Each structure stands twice: as structure tokens, then as C-alpha cells.
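Hi everyone, thanks for making time this morning. Let me put the structure up, and then we'll walk through it together.

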Amino acid sequence: MSIVEMRGACKPGDYKSDIKPIWCPGCGDYHVLMSFTRAFAALALPPENIVVVSGIGCSSRIPAYTSCYGFHGVHGRSLALAAGLKVTRPELTVVVASGDGDGYSIGGNHFLHACRRNIDLTYVVMDNHIYGMTKGQPSPTTEPEFDTALSPGGTGLRPFHPLVIALASGANFIARCFSGEPNQTAAVLVEAIRHPGFSFVEILSPCVTFRPDESEWKNLVHPAPVGATNDPAKAARRIMTDDGFNIGILYRGDRKPYQPPVGQGCGDLPELERDFEL
Amino acid sequence: MTVVAGTPKVASLADLFAAAYQIEADAVERYDLLADQMTTHNNPELAAVFRDLSRAEAIHRDEIRRLAEGVDVVAHAQRMAKWGKGESPEAASLEEAHYLMTPWHALQLALAAEHRALAFFRSVAASAKDPAIKKLADEFVEEEAEHVNLVHRLIRKYPKPADSWRSDPDPPVAQE
Amino acid sequence: MEGRESVSIAIVGSGGAGALTAGNFLLEAASLAGWQGLLSRTVGPQIRGGEAAALIRLSTRPVECLTDQNDILVGIDWLNAQRFGGEIEVGPRSLVISDPRGGELPAAVAAAGARVIELPMKEMAKAIPDGRPNMIALGVAARLIGLSADVLSALLEKRLADKGQAAIKASRAAIDAGFEAAAGYDFGPCLLPPEPTAARRWLVSGNEAAALGAIRGGVRFAAAYPITPATEILEWLAPNLTRTGGVLLQAEDELAAINMIIGASFGGTPALTATSGPGLSLMIEALGLATAAEIPLVVIDVMRGGPSTGIPTKSEQADLNIAVYGCHGDAPHLVLAPQSIGDCLFTTQWATYLAEALQSPAIVLSDQFIGQARAAIERPADVAFIGQRLRATDIVGAYKRYALAANGISPMAIPGTRGGQYTADGLTHNERGIPTSGEGDHNAQLDKRRDKLARFKFGDHWAATEGTSEFVVITWGSLTGTAREAIGRAGRDGVAASLLAPRLLSPVQPEEFAAAIEGKTRALIVEQSHGAQFYRYLRAHYDLPREVHVLNRAGPLPICASEVHRAITEWS
């Protein structure tokens, strides 16, 4: 795909609400919001047909900053909530927003099953390798040697590899982006939303307040050496040597999305009691 | 791999006007966003600086629109003025923002932005085959060079902040 | 000698102004000088740079609550300060120090009739190399209350040592500038000098005190999942548990945290976690498990505004229902509530002891106000409550983990104890712990778990009871100090009232409560709950005096002593 096509007169500004974000100036999430609105504009979807579902954390504040429908739910359960919504309202575009704490820690179990279920959702995780909203505890993607009050001297634990988990659990589209390249990210989001089934996009989004060291990320990210594959085995090989900063689409699968037929059937209610009749 | 085209392809005067328009329009939006951030984070001095920068860019933007009479720059830009790698050149860098930043910092951001815009027009001028396009691109180069000079003069008004500019004695607040 | 017994100061600023730092310095310096005090804070919705106010109260006597009106309000700047609304009140006798370039005075402050003195703190700070306006504000406040600049200096040397001599010098100069500027201000009497005391004193927050109480009570395992306003308990425990040979594990979520501590406790280690309302909701299922399987553990719930995500940074007392009644089935367990910052230590330690003694989960209902406020207090007395469960050792014959006993407490075999092997179970079980659906066993075990709590002698610590008046104020948790102060004020007005504040909320203590209520004809119930949870709990379990009034309100504004005072006197 070369250039994002614009249909109609949709502008990114149409997808922004007038609520001013509380994110710290310098936060990567401002760029992510930009990527969202640019992607929505490129897809020319009416804002009322988009729902942004989130959990708890800095990243999860994003729904209110868009002019779409939103649900700012409880910590870690956004995928479950989104599943219920999408399955009953398949015509809506449902985007789920989370962070590395909300999504990979408390939300970990739901992540596995969302990939497995392959409902047509787009899951965007703003990964900053820290719990920001609660002031700097390690998250599952925090480096083992990173010192915090809750883990003096570092956790010593191997970080979570979300792309590996997504691939192993059956996600149908897997990508990594960097917040500092919002147009690139917007293009990936457009593809992710268009791709049927469960699309997982991890966006590296630096935390200026608790991880000022992440200002280095813009020098560490690099385009992935090869383009996306539709072969899970190939994708698995690539991801095992991934340095965590490969930017691009890793995998585009062809699993059929899960969508039970809803709203069909003749709804003949009197029929239902036949079984009980003596 | 999905790659959005790196920079807009300028093949006509309309293209050049549209690209120039979009550059200024993006700069306006960016300075407005930064001004809002500074207002929310109780830095009114910086909010004012960014609003001033936004107003200056708005003048440039409107000027280009006027110059491009006959061309619907807005619609044209929506079609072709796309920056894939990185961002619109004159959009100030968001990652360099900080709630305690000083006017000196803001102007450094502006300076870098103007330089990027200058580089863009220079490359258009250098690669243009059509003399009309080259001429217009050269004019934009001169224009941006003036902006660069202007920002330099503004920077002179502000002392470079001490190393302690970003130290906040109060700790961050856990909101949830 | 003329002087104030108590003074309330608010320091307001935003965007890096350092209001909270100044407030902390003021509290610490005042404590070093011998006063007692309390500091709370209120903040805007930003993570950095937001509007912030430090609210400090200093006194010659113990301070357990803030006053509604500030005697001194220093505005380093007023940006978005109007958002604080009723939290930074002043009155006609208050003194407001305002930087003329700091934005407009909030309307409520302007309308209050206080004297406003303009002081260009920002400009003054600029005149000092590396000077900061919050240090000027600190100097002003210190002068007005009668705190010596030397005490402040000594503290600065200590606290800014790692920032270098230049920073210390700059801060000292700024403090001196503020001190000097305030020389002419007509504030009236300063604080009475502190009463000399040999007692050792601490500067501590409720969360820190609770964490220490846990370790003293014997906790050696903690599971942690961060949540505002409880995270500080876990962050204090992380290095300090290690120092005492314990372990802290960060959990992936609250479901994991509660199950981790069940596991540790099953293995013989007293265990604890800390959370807030949303986390407690997640832990409810496992709390039922721990109750049914008779596993000791402690969960500290630092209550915040609810329901659901609510107001994470504010205090309420609305988790009483879920703490007492949250489990499905009949699952009686321990619920306690500390009454002050210092009491967080005692109550958590006692809760650990009780949990171990009774082989039951214990929920400790702290709240955001006492959890995060810092106070200069007398060092709490050492108490001898150390958790020690009844262990089964030298087991002969078939081991009955849940053997029926007169006091309901059966010895617990720790894994590794030969002959004591059993499978702990949430399924209804018999004395041996084997699942059963029989009516006999089910009722016997329900009786056992109820009776072990009902028959235990909790002693006087179950409640604070003060005064003999027939008019009793009944409250709990952080409002205990507020009620106590209100009663004191009413007393000085010639209106007598007594106080009853349960520290133990579950199991209920019908005999003790009846004894405490005897002769009382009127009860004023005070609580920070929109649905009056405490009142309904009292009604459900206890006989109350003939006439009852209820003063209840949701957060975020804490019920203050003057409100309770008014409620007392208006009912006389």
C-alpha cells in the first residue's frame, strides 16, 4: 500500500473532542491520539460508528479525547467488554486501547483469549515499560534491571514479549509501531482496522515523567528488515530474534474472524415452549 | 511492509502550493496543541509563546492560500501532502515538550521546525525540472530563511535556562 | 502568654511551584521544634505541573484533623486554584499572602473578607540565584507562626544535602527573604510554644505506619499490585520486608495478589496485601475462600471515593458494606478500622495478631485521608501483639484440621509437619477437611467459624469510648479525631457529649456495645458515606439510643470538626 487515501471530507480534527488531555507534555500518547484521528479520518468512518474501549491507566484516558463513542472501564478488562460489544453490534468499528500494565498484567488472561477468539477488534497497546498513572512501578515489559520503589534493584524478571504471545494465541494481525512516527502509525492502524479478525498493534510510547531514559527510543527504533508474512512459522522465527524495536507489520493472518450470527432467526417465541408441553 | 510515501511528490505548482499550505497549517495545529498542553499544566508564559507562534504561522498559512489563487490548496493538500516518515516538517517536536519548559526551549523547537521546512523546500528547488516550480520553491526557501532568522532574533531575547530548569521539588501525583 | 493553640496554613501553587515541598518542610521543621501537626494535600488532575495545595495544621496538642478555615493562605500562584473550592477556605480573620503576578484570587477567597497582602514571591526568588518562590512562602509562613529560621535552616541542610551547597544557600536566602518580608504582617499571636516533652516523636504517614504495624505483627510475605492510595504501603514494605527476612512479590493483578497471600499463609507465613476499593472488589471471592478454609491473612483497604473507579485521590468511608458483607454465602471474618495516623500502626499490628489467632482473613479499613496524610505524632507505644497461629505439632492419629473445639479454633498443620497432611478447601468440609454436602458438617463448620469470632475476648481495644454524657457521638475511622475535637469544642461551649468509635467492626460486639451505650439517650452518627453505611450497619446489629441523628456525606470534602460541633450544639 502506498499512500493513505482520503475519501470524503473527513479530517482528523473531526475525531478530536475538546477535552484537553491530562497527559504530561512530552508524552508519546499525544502522538498516538494523532495517529488515531488520522486513521479514522483516512477510513472516513463516521465518529458515531466507532467505539474506543479502554481500561485504567494513562493510555486508557484516550477515549474521552476522541469524538467517538467510548468506554473507560475497569482495569484490565477492556478486551472482554469490547468482545461483548462487537459480537452484538458487528457493524461498529471497535478499537480497544490499553497500556502495558493494564493490557499485559491484569489484562493478560483476556489478551490470550481475545487473540484466540479472533473477534474483529483492533487492540492498541501503548507500551511505555512502566506503570505511569500510579507513579512508576514495573510493568511486565519493564527491563529486569530497572530500579523502582516497588522493586528495589530491579525485578530481575524476564520481560513479557507481547508479540510472541499474540502470535502464539492466534491474533490475526500483529504489528509494532512507534509513537514518534504518527503518520506511519496511522497507516498501520488503518490496515489493522481493515484487517478482519483480531488485530494487535503495540505502540512504543515513551513516558516522559517516569522513563525519561526512553527519549533514546527514537534512536533505537528501526524499520523491520522484512515485510509482513502470512506464515505463522516464519513470523515465529522472526519474532524470536526481535530486539523489541522492529517497527512494522509482522504478521497478517487469514483466520476467519469469530462472529456468531446475530439478529437472525425468525424469533418465533411461542415455538420455544413446545418442549415443556405435556 | 507498509510505508507511506516519505515526502509529497511535487510535480506541479498546485502541488507546491498545497505542500507549503499544509506545512504551515500543520505548524499552526501543532503550536495550538502545545499551547493547550501548557495551559492545562499551568505554564501560562509558555502557552502565550506557543499562541504567538501559532498566530505567526496562521498568517503564513493564509498568505499562501491567497497567493495560490485558483488552486483549492486545502483539498489538494488533503490528496497529496502526506509525510510518511516522521511528520510534517514545520510541526514542532512534541516529544521535546516539557511542562516546565521555558520560552528559550520553545524557540529552539521553533527553530528546528523552521530548519526542517527550509530543507524541504530546498530539496524541491534542487530537484525541480520545471522552472516555474523551481522559481516558486526558491521563493519559499527565501521565506523560510527569513523565518529562521526571525526565530534566531527572538531567541536572543531569552537567556539560556540554568540546568535546574526542569527540577520540580514536588513529586508526581498518582491519579488512579 | 498570648498565643494560639492551633494554626492552619495552606500553601497553594502550580506547575512546579513546589507548594507540597514547602508544606512538607514546614511540617517537619515545626515538628523538630516540638509542635504536633498534620499535613494533607489536594491536587489537580494532572500527573505533573498541576495545581497543588498543602494543608497543614500545627498545634501544641495532638492534631487529628484539619480545620475548615485556614488562618494563613499563601498563594505562590492561583492558577486553577478555584478548582479547590471549599478545600482552601479562609475567613475574615485569615491572612492571605498573594503574589500579584500569580493570577486572580479565587472568587471564594476574595469574597471571604480576609486581609490580602501582596508579596511578589516570584520576583523576589528571581533576585536570588537559584531562588525558588516556594521557599519564600515557607519563610513567610514560618515567621507568622513563630517558627525560628534556624530550625528551618538546620532541616534544609539535612534535606538538601544531596543537592549541594549552592541549593542550600539559595533556599536559605529565599527563606530569609520571606521571613523578613513577613516581619511587619499583622497576623496576631503566633503559636504557643510547644510543651516540652521527653516523649519520642515520629513524622509518619498512615500508610507507612500501617506497613510497620504489619511487620511488627509478624507479616513476612506481601503481595503487591499498585493502586492509589495504597501503593505507598507496598513500596515501604518492599525494602523493609527484605530487611526482616521477608518477601514481597509484585502480582499481575489483585486476583493474583490475594491468592498469593493465601498460599503464603497456608505455608505458615503471616501474609498481607494492601489495596483500595476496586481491588478489594476483585479480592472478594478469595476472601471467601480464606474464610472457608480458615486461612489467616490481612488485607488493608485504603478507602477512596467510590463507587467504581470513583475519585482515586480523595477519601470516603463507603467500603464498609463490601468489607463486612461482600462475600457470598455466610462468611464472617474480621474487619477493623484504624482511627488516626498513629493508630494505623496499632490496628494493623492487632489485625495481624487477630488474623493469626483466629485463623481468619482480616480487612483493615484505612482511608486516603489518614493513609496519605503525614503527621508529627508521639511515637506510638510498643504493643505485644504478634501474630502466632495455633499450630498442630506432634500429630498422632488422623489429623482433624477443622476439629470442633469449645473456642472454635483448631490447630493448623503447616506443610512439612508429618502426619498433618490435609487439603485446604473452599468446598464445605468436615472436621478432617474432606468435602461434604451433609447438613451436619456444614452447620457444624459454620457454627465453628462464627463462634471462634463471637467467643473471642477482644478486650478494650474494640472501641474508643470517651466521656459519660448521655449524648453520644458514634463514628469510626479517620472521623474519630474529628469527632473528638468537635466534642472538645462543644464541651468548652458548655455542651457535653461522649464518644464511641469502634475499631473492631466485625465480629460485632453486642454486649460491649450495649454497655457503652447504656444511659445514652441521644446518638449522633457521623460518617463519610453517601448511603450512610455505618448507620445502617449499627441499626442492623445493635440497639441504638432512643433518638438518633445522622450526619453523613460523601467525599471529596472531609466532614470537619466545626460541622460536627454545629450538629452537636444544634441538637441541644
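Helices α1 and α2 of chain B cross in a left-handed way; left-handed here means that the near helix is turned anticlockwise from the far one by less than a right angle, and right-handed means clockwise. Before I go on, this is a predicted model, where local features need pLDDT of at least 70, side-chain atom pairs count only at pLDDT 80 or more, and totals for chains, interfaces and linings use all residues. Residues are numbered from 1 along each chain as its sequence is written, while chains are lettered from A and ligands numbered from 1 in the order in which they are written.

Back to that helix pair. Two packed helices are described by the angle between their axes and the distance between the axes. The axes of α1(B), residues 13-40, and α2(B), residues 44-67, come within 8 Å and cross at roughly 165°. Axes are lines fitted to C-alpha atoms, for helices over the stretch in contact, and angles run from 0 to 180 degrees between N-to-C directions. α1(B) and α2(B) are therefore roughly antiparallel to each other, a label for angles over 145 degrees, with under 35 counting as roughly parallel, 65 to 115 as roughly perpendicular and the rest as oblique. The residues in the contact of α1(B) with α2(B) split into 17 nonpolar, three polar and six charged. In this scheme Ala, Val, Leu, Ile, Met, Phe, Trp, Tyr, Cys and Pro are nonpolar, Asp, Glu, Lys and Arg are charged, and the others, Gly among them, are polar.

What else is in chain B? Chain B has five helices and zero strands. Helices (H or I, at least four residues) and strands (E, at least two) are DSSP runs, numbered from the N terminus. The C-alpha trace of chain B spans about 60 × 40 × 30 Å along its principal axes.

Now, how many residues of chain A are in contact with chain B? There are 34 residues of chain A in contact with 26 residues of chain B, where contact means that the C-beta atoms, placed from the backbone, lie within 7 Å. On the chain A side, α1 (29-43), α6 (182-194) and β8 (246-252) each supply at least two residues. The largest share, six residues, comes from α6(A). By class, that side of chain A has 19 nonpolar, 11 polar and four charged residues.

Chain A also has an open sheet of eight strands, in the order β2-β1-β3-β4-β6-β5-β8-β7, with mixed pairing. Two strands count as paired if DSSP finds at least two bridges between them. The edge strands of this sheet are β2 (69-72) and β7 (222-223) of chain A, each pairing on one side only. Strands β4(A), residues 122-127, and β6(A), residues 199-204, run parallel and are joined by six bridges. Within that pair, Thr122(A) stands opposite Ser199(A).

Most residues other than glycine have a negative phi, and most peptide bonds are trans. His129(A) has a positive phi of about 55° although it is not a glycine, and His129(A) lies in the loop between β4 and α5 (162-169) of chain A. In chain C, a cis peptide bond joins Thr228(C) and Pro229(C), with omega about 0°. Pro229(C) sits in the loop between β8 (221-224) and α8 of chain C. The bond from Gly555(C) to Pro556(C) is cis too, with omega near 0°.

Staying with chain C, its open sheet has eight strands in the order β6-β5-β4-β1-β3-β2-β14-β7, again with mixed pairing. β6 (115-118) and β7 (201-205) of chain C stand at the edges with a single partner strand each, so one side of each is left without a neighbour in the sheet. Eight bridges join the antiparallel strands β2(C) and β3(C), and Leu38(C) has Arg57(C) as its bridge partner.

Finally, 18 residues of chain C are in contact with 19 residues of chain A, and helix α8(C) gives the most on the chain C side, with five residues. Thanks, all!

Note on methods: Contact = placed C-beta atoms within 7 Å.
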